[in-house]
Structure formats: C-alpha cells, structure tokens
Amino acid sequence: MASQGEKSPMNTPIRTRNLPRLITALLGIGTLTAALLLMPIAGDGATLADKRKPGLYWTFESDKGKISCKLFEAEAPATVHTMVGLAEGTISYVHPETKQVERKKFFDGLTFHRVIPDVMIQGGDLLGTGFGHPEGPGFPYKSEIAGSLKFDTPGRLAMANTGPDKNDTQFFITEAPYPAFDKKYTIWGQCENVDVVKAIARVPRGTGDRPLTPVHIQRVVIERVGTAPADAPESAPPDAPAK
C-alpha cells in the first residue's frame, strides 16, 4: 500500500519530456506488428519463396522420406513426357498380367524393388519383381543418351532397360558417381536428398537385391517452377504421343 503523497506504479504520471521517446517506441511496435501480420505463413512442407530454378520437378514421397528431382526436358524429352504422363495418369498401358488397358497414377504405391548400397535404388515395376514390363502402344520406347550428361555425380535419375531402346517404366537413382553406366542408360533428371537414397539402399535385402521389407513410393508429385512451355509434358492431353 502506497503511503499518502506517494505514487504507485500505476498512478505515476508520464513526464512530458519522455513523450517523443514513447511515441517512437509505440510506432516501432506498430510497424513490427504490421510486418508480422503481412508475413506469409508457410504450410506443411511449404516455403516462403520457391527458390528453385525454373523447370519441371518430380518428387518421390517414400516410406523413408522425399527425393526431389529436376527433370532434363531438353536432353530427354520423350522420356520425360512418358514418365510424367504415367505419373499423372494421362498415358495408358497394358498390364503385363491382366492384359487390361489401364490409365492411373502409375507410380503411386509401387516399391523400390532393387537396392544396391553405394550404387543405386531401382523402382517403377508394376509387379515389384523387375519383370512387370507394361505393354501396348508406346512401350518400349527409345533411349535418349545425351553426350553432355554422365554418371559423374550422385543423384542421377535414369531409366533402367533390358537393352538399347528398351525403356518402359523402370528407373533408378544413383547414390554415387558410377562411370560404368555412361552411354548405356537415359539420364532424365538430377535428384537431391541423396541421404534418402542411401537410406533406402541400405535396408535389409534378400535374393536379387530385393528389400526384405518393401519400401513404397507413396506418391509422385509433379511441379512446374516458372512458365510452362507450349509443349509441357505435364499439360499434354491423355495418350498424346511423345515428340
């Protein structure tokens, strides 16, 4: 209890000479508050600004994490067109077992069926065995070997095949440079998150380098950064042929 003549903190008058300093402080608080209100809020997995270079991106969302890849549209146009069309469900194929025509988001739910530490992980097989090659018009399709691209860096996204011009849906991602692959397989993207590739490559495996516990591709996400070209593969009509 304050004695008579004393001022409690709540009753202390504001001295006139302190007014400019107080006003400045209040204005500063107001500016900070306004800035916070205007600042965009990042959602789950979102960033305040997409700092990726313009281009087409493919992200694997797997049991072990995400693997994001920038696609080489100029160097492997037919491959990118086909794989993106399969991922988005705009390209049909004949199922190798049922012989039925299907068109759906091809890679969602498939597995990485072959893993080799220090080399690569492989996926994109309908049956999860390495022998589930799709049939029908457009399969298999040609290899696109660009002289400017080599297996000289980790994270290369490439097509698996059974020989020249025998590409279908199976792909692999390297976890280290591997020059022995040069000029044999179409390179159609460069992936980040190589730590996820390494984690998948090191799961326990059995015969044929097949994981004992399946590692699933939960889904594939296709994103365009920047302006899409007129012939963008992600906007092609259903079953449009690759150019």
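This is a predicted model: local features need pLDDT of at least 70, side-chain atom pairs count only at pLDDT 80 or more; totals for chains, interfaces and linings use all residues.
**Salt bridges**

Side chains of opposite charge can pair when their charged atoms come close. In this model the count comes to eleven salt bridges.

| Pair | N to O distance |
|---|---|
| Arg52 and Glu223 | 3.3 Å |
| Arg205 and Asp209 | 2.4 Å |
| Arg224 and Glu234 | 2.7 Å |

Let's start with Arg52 and Glu223, whose side chains meet in a salt bridge at 3.3 Å, N to O. This pair ties together distant parts of the chain, 171 residues apart: Arg52 sits in the loop between α1 (19-38) and β1 (55-62), while Glu223 belongs to strand β10 (residues 217-225). How accessible are the two partners? Arg52 has a relative accessible area of 29%, so it is partly exposed. Glu223 comes out at 30% and is partly exposed as well.

Next up is Arg224, which bridges to Glu234 with the closest N and O atoms 2.7 Å apart. Here, too, distant parts of the chain are linked: Arg224 is in strand β10 and Glu234 is in the segment after β10, ten residues apart. With a relative accessible area of 23%, Arg224 is partly exposed.

Then there's Arg205 with Asp209, a salt bridge at 2.4 Å, N to O. Arg205 has 37% relative accessibility, so it counts as partly exposed. Asp209 has 21%; the cut-off for buried is under 20%, so Asp209 still counts as partly exposed.

Salt bridges also join up into a network here, made of Glu61, Lys66 and Arg219.

Is His81 buried or exposed? Its relative accessible area is 11%, and because buried means under 20%, His81 is buried. The residue is part of helix α2 (residues 77-88). Leaving aside residues up to four places away in sequence, what does His81 touch? The list is Ile91, Pro233, Ala236, Ala240, Pro241 and Ala242.

Glu97 makes a handy contrast. It lies in the loop between β3 (93-94) and β4 (101-102). At 57% relative accessibility, Glu97 is exposed, because the cut-off is over 50%.

Notes: Residues are numbered from 1 along each chain as its sequence is written. Side-chain values use heavy atoms; hydrogens and water are left out. Helices (H or I, at least four residues) and strands (E, at least two) are DSSP runs, numbered from the N terminus. Buried means under 20% relative accessible area, exposed over 50%, partly exposed in between (1.4 Å probe, protein chains only). Contact means heavy atoms within 4.5 Å. A salt bridge is a side-chain nitrogen of Lys or Arg within 4 Å of a carboxyl oxygen of Asp or Glu.
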